[in-house]
Amino acid sequence: MEATTSTDVLYFEDLAVGDRWFSPERVITEQDVADFAELTGDHDPLHRDASSHGLPFGEPVAHGLLGLSVLAGLSTEHPRVSTLALTGLSEWSFEAPIYFGDRVRVATTVSEIQPHGRRAARVTWLRELINQSDRVVQRGLLVTLVASKRRRRGTAPAAIVDTTDTPSQRGTLPAR
């Protein structure tokens with residue numbers, strides 16, 4: 001697959017096993033780490049002041065889940081796919097620390113495509129977070145449902161009105 005621009009929306013019919021994309025780079029800052037710690041409540045000394053003694057990596061590092069979150073964000077436009085849902089995350093490994101000031105980018109490769117009903121496919125993506133030294137710092141598989149060209153966003157089939165007293169459920173998720 002040739003590189004796409006952020007305006008090219010791809011559907012599962014546009015994808016093939018082996019297609020690969022790279023995102024732009026993003027710098028992981030000390031402020032990113034502080035904001036993530038505040039958001040999540042994870043204030044482990046691993047992610048704080050460099051003056052802390054005995055840090056296993058010699059200096060503070062970003063949260064592993066911050067790296068995963070940045071990976072998710074960077075890969076939403078490279079490729080830009082008509083995603084219906086994230087359905088799985090597996091075989092994730094944290095292979096190297098992410099230090100303050102590291103520049104990271106995402107390599108995305110289509111690993112598998114399986115039909116899922118008439119209007120979608122389950123796409124398994126190998127995603128790798130790569131630092132400025134071309135070292136993979138995280139990698140794993142994400143599985144998403146990707147729409148068919150026949151089902152564009154906003155053109156879902158008309159809702160069926162349930163006139164029975166039985167509560168309905170959407171998809172396989174429990175009713176709210």
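I130 sits in strand 5, which covers residues 120-131, in what is a predicted model. With a relative accessibility of 6%, under the 20% cut-off, I130 counts as buried.

**Around I130**
- Beyond its neighbours within four places in sequence, I130 is in contact with F22, R103, V104, R105, A107, R135 and V136.
- I98 lies 32 residues from I130 along the chain, and 9.7 Å separates their C-alpha atoms.

**Around Q138**
- Q138 belongs to strand 6, residues 136-147, and its relative accessibility of 2% makes it buried.
- The side chain of Q138 makes a polar contact of 3.2 Å with the side chain of W92.
- A polar atom of the Q138 side chain also lies 3.3 Å from the backbone nitrogen of L68.
- Leaving out neighbours within four places in sequence, the contacts of Q138 include G64, G67, S93, F94, E95, I98, R127, E128 and L129, along with L68 and W92.

- Helix 1 spans residues 30-40, and its buried residues are D32, V33, F36 and A37.
- Those buried residues line one face of helix 1, because they fall within an arc of 135 degrees when seen down the helix axis.
- An α-helix has 3.6 residues a turn, so residues three or four places apart point the same way.
- Strand 2 (26-27) and helix 2 (64-74) are among the elements covering the buried residues of helix 1.
- On the face turned away from the buried side, helix 1 carries the exposed residues E30, E38 and L39.
- After helix 1 comes G41, with a positive phi near 85 degrees.

Conventions: Residues are numbered from 1 along each chain as its sequence is written. This is a predicted model: local features need pLDDT of at least 70, side-chain atom pairs count only at pLDDT 80 or more; totals for chains, interfaces and linings use all residues. Side-chain values use heavy atoms; hydrogens and water are left out. Helices (H or I, at least four residues) and strands (E, at least two) are DSSP runs, numbered from the N terminus. Buried means under 20% relative accessible area, exposed over 50%, partly exposed in between (1.4 Å probe, protein chains only). Contact means heavy atoms within 4.5 Å. The arc is that of the directions from the helix axis to the C-beta atoms. A polar contact is a pair of N or O atoms within 3.5 Å; within protein, one must be able to donate a hydrogen and the other to accept it, and residues adjacent in sequence count only if both atoms are side-chain atoms.
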